[in-house]
Amino acid sequence: MKPGLAIGDRAEFRHRIGAGHTVPALYPESAFFRAMPGVFATGYMVGLMEWACIEQLAPHYEQGEGSLGTYVDVSHVAPTPPGLTVKVETEVTAVEGRFVWFRVRAHDGVDMIGEGRHQRALVRWDKFVPKAMAKAGTGAEETV
């Protein structure tokens, strides 16, 4: 990681919520999810929080570097219908070697909808990708 990222650094990220970001769209093969209300899914909210943190980190990546989410602890306390724009606020709370911790908070223009913390690990794609792809031929899917 390039120098410059500091504890207390803040950023904001906005995204308009569409029908594809709702609970029924999360796992459409699940009858349970398809039967739920068409509001912003917790799984997509977590993904949006991760995206916001990535956007904040990206200017600090070295060539060939990226980050992966390694920890999420968030609440989801209010529904958001499609059409609203969610603003995610991020704040760096710790930098521990290759791990960066964030405080995250999401608001849909009406309510605070979720908040918590998130950790990302900086990785070199040239090391991570081969290791991850090596799992494909292990037969591990048969042991689940």
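User: Strand S3 and strand S4, in what sense do they pair, and over how many bridges?
Analyst: This is a predicted model, and in it S3 (residues 85-96) runs antiparallel to S4 (residues 99-107), with nine bridges between them.

User: Which residue in S4 is the bridge partner of Thr90?
Analyst: That's Val104.

User: Zooming out, what's the strand order in the sheet?
Analyst: S1-S3-S4-S5-S2, five strands in an open sheet with antiparallel pairing.

User: And which strands stand at the edges?
Analyst: S1 (10-16) and S2 (65-76). Each has a single partner strand, so one side of each has no neighbour in the sheet.

User: What does the twist average?
Analyst: 25° from one strand to the next.

User: Which strands does helix H4 touch as it packs on the sheet?
Analyst: H4 (residues 125-133) touches S2 and S5 (112-124). The direction of H4 makes about 95° with that of S5.

User: Switching to the core. Which residues touch the most other members in the largest nonpolar one?
Analyst: Phe40, Val86, Val88, Val100, Phe102 and Ile113, out of 21 residues in that core.

User: Where does the largest share of this core come from?
Analyst: Helix H3, with six residues. H3 spans 42-57, and H3, S3, S4 and S5 each supply at least two residues of the core.

User: Back to Phe40. What does Phe40 touch, not counting residues up to four places away in sequence?
Analyst: Ile17, His21, Thr22, Val23, Met45, Leu48, His76, Thr80, Val86 and Ile113. Val86 and Ile113 are also on that list of core residues touching the most other members.

How values were computed. Residues are numbered from 1 along each chain as its sequence is written. This is a predicted model: local features need pLDDT of at least 70, side-chain atom pairs count only at pLDDT 80 or more; totals for chains, interfaces and linings use all residues. Side-chain values use heavy atoms; hydrogens and water are left out. Two strands pair if DSSP finds at least two bridges between them. Helices (H or I, at least four residues) and strands (E, at least two) are DSSP runs, numbered from the N terminus. Axes are lines fitted to C-alpha atoms, for helices over the stretch in contact, and angles run from 0 to 180 degrees between N-to-C directions. Contact means heavy atoms within 4.5 Å. A nonpolar core is a set of buried Ala, Val, Leu, Ile, Met, Phe, Trp, Tyr and Cys residues joined through side-chain atoms within 4.5 Å. Buried means under 20% relative accessible area, exposed over 50%, partly exposed in between (1.4 Å probe, protein chains only).
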